[in-house]
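Please look over the protein shown here before reading on. The briefing is meant for someone meeting it for the first time.

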Amino acid sequence: MARNDPAGQQALYDRLEFEAKMELYRQGVRAKERQEDQEFSRELQRVEGAQLLQVEEMRQQFQALAADKQRRFTEAIEKFRAEVQVALHQDTLAFQRWKEETGRQFAIELRWLDARIDRLLAKEARADDRRDRHSPIFAVTDDILAHASRTDRPPLSIFISPPVLRFDPNARGSDEMAFPMMESTLSAALRDLCKQYHQAQRPVMLHAGEWVTNARRGESAARDLFRSLRTVPVVIVETEVEESFLNLNLGFWHGYSPDVRFDTVVRKFRWPDALEELYEQHAQTLPATKGLAEMTPRDHAKVERKSREDLTHCIEVLHVIHTAILMDEYFLLYAEPRQLPLLPQILPGILAAEALPPEMQVTLLQQAIEYGHNLLDALGQQEPLMVAEMRLAWAQKLGEQPERYGFEAQLKVALREWATQRGGEPTGTEIPELVAAVGRLLLPEDGKFVQAVNSCLAALAVPVRLDIATACYDRALGHFDTHRYDWAVLDLTRAISLNPDGDAYYQRPGPFCPGGLVERRGRFGQSDSLATPPRRSLRTAGRCLRQTPERRSGPGQLRRSPQVWIGHRPTQMRGTASLLDQRTSPRSRAPTPSRRAAQSR
């Protein structure tokens, strides 16, 4: 191109300018593309991050939901297991009671059937037993068997063989130093004893005057009588006099014993020495004499008569006490229903009527009570489930005595055996410790037992008392501490049924938590302050697990004032007014008319 060609140069410049503009445009486009790529990358990263965050949140929510489901399932399993344990425990107690009652009733019916069979067999075998016509009281055995066959509970027959029989040709009643004839006296004394036992619903039949010969006496006569009356409970009171010795023998069988129990309870009692001692005591009381040598025949006869009367009274009391001991043994250990010994209650009157020395009266009463303790020990081996209540009733009887001998000791034994039967392990030996051990095991059906124990404690002036509602409440708190919530609800329900106005009402779940304390604990979280209920009354902390008490809003109407938990204090729901809102509010507020009405109520 010629340098002097202006048109060509202009075209060249235009082309170069165009190419420069195009290059600039291409660079702008590339920069814009790079910017768009960067923005797209950033947006893509943001979207990917949001998706990852959403996925993580969904994963965490799923894990939380799975954990909550697992926790609820575990709690439901624990609740069901606790309910099953409670039901099994209640069913076990009910079955044990039913088994005991049914077993006793079955044993009674079986004994009654056995007795009827034995009576029929004895009646058929009577013809073979008539080989000995000198058998004592042979004529009355048929009457006794006939009377026993008409009743389910034959009376206890008592036969007397006095020391000197009225029709005994060998009796030495005319001799001055002979043993006194006391057949009528013993019969009258034992007849009075039988009347007292009849009044106490203990059937006893006395056969006085039946022993009219001494051809057969002692254990041989008892076994002969046993062959005819083995199905009927019998006591034989036999007194033997040999020279200067007196022996008192007792024969006994209770209708189901395989043989006769024949024991000598008083052996070789020197009655002449006792008579001589009484003679000297009465001789010294005569005001007109200074010694035995100055006694007149009239004084001698008077002292002799008085001495023999006192000896008769002493032997009479001896017979009454030993006979009553056997009667108490029969009615406590072998007869149905079981009845406590009656001798300690009637013995003071018997001893006072005979005007015995006070020291002898105390000694005899203590021995009778000790024998009653031994009978209850024997009953504990036969009927271990009922001996605690029998001992408590026995302690009440002893508490009615003026001396109260053995009262406190029997109460301790009754409390210890009752706690042991309920599965407790009482370690203390004093009454407050035993009462505390018993109080931890009380149930609503133990009302009679608690009332009897509290009466004994009041008689002993012991300050502690048993209370079933308090026992159930304290036991529920112990179940709370060990996280056995369903057991705690059961005990709180028992406490509320016994004392609706007590603290147990505020501990138990209400209508706002119908699922129980386990569900309530899950709703409020795992905080110990919310899971564990407070130990004191409504004024303490932890009111979030409580309800306000039931209040009367009119005759026969009850309404509740619910609360919700806001922050750190309970706040009344709209439309309610409660004294609790005033006590828990950090600021004092003027009482409205509704509050004044609530305060007056």
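What follows is a short briefing, grouped by topic.

This is a predicted model, in which local features need pLDDT of at least 70 and side-chain atom pairs count only at pLDDT 80 or more, while totals for chains, interfaces and linings use all residues. Residues are numbered from 1 along each chain as its sequence is written, and side-chain values use heavy atoms, with hydrogens and water left out.

**Overall make-up**

- The protein has 19 helices and nine strands, where helices (H or I, at least four residues) and strands (E, at least two) are DSSP runs numbered from the N terminus.
- Of the 601 residues, 40% are buried, a term that stands for under 20% relative accessible area, with exposed meaning over 50% and partly exposed in between (1.4 Å probe, protein chains only).
- Among contacts (heavy atoms within 4.5 Å) with a separation of 6 or more, 59% join residues 24 or more positions apart.

**Nonpolar cores**

- A nonpolar core is a set of buried Ala, Val, Leu, Ile, Met, Phe, Trp, Tyr and Cys residues joined through side-chain atoms within 4.5 Å, and the largest one here has 79 residues, with Leu 193, Tyr 197 and Leu 343 making the most contacts inside it.
- Helix α6, which spans residues 297–334, gives the most to this core, with 11 residues.
- Apart from this core lies another, of 15 residues, including Trp 253 and Phe 262.
- Leaving out residues up to four places away in sequence, Tyr 197 touches several residues, among them Arg 202, Ala 324, Phe 331 and Leu 343.

**Helices α3 and α6**

- The axes of α3 (residues 183–199) and α6 come within 10 Å and cross at roughly 35 degrees, the axes being lines fitted to C-alpha atoms over the stretch in contact and the angles running from 0 to 180 degrees between N-to-C directions.
- The residues making this contact include Leu 193 and Tyr 197 of α3, together with Ala 324, Met 327 and Phe 331 of α6.

**Two buried residues**

- Ile 325 lies in helix α6 and counts as buried, at 15% relative accessibility.
- Leaving aside neighbours within four places in sequence, Ile 325 is in contact with Leu 343 and Tyr 371; Ile 325 and Leu 343 are 18 residues apart in sequence and 7.0 Å apart in space, C-alpha to C-alpha.
- His 479 is found in helix α13, residues 468–481, and is buried, with a relative accessible area of 11%.
- Not counting residues up to four places away in sequence, His 479 touches Arg 484, Trp 487, Ala 488 and Asp 491.
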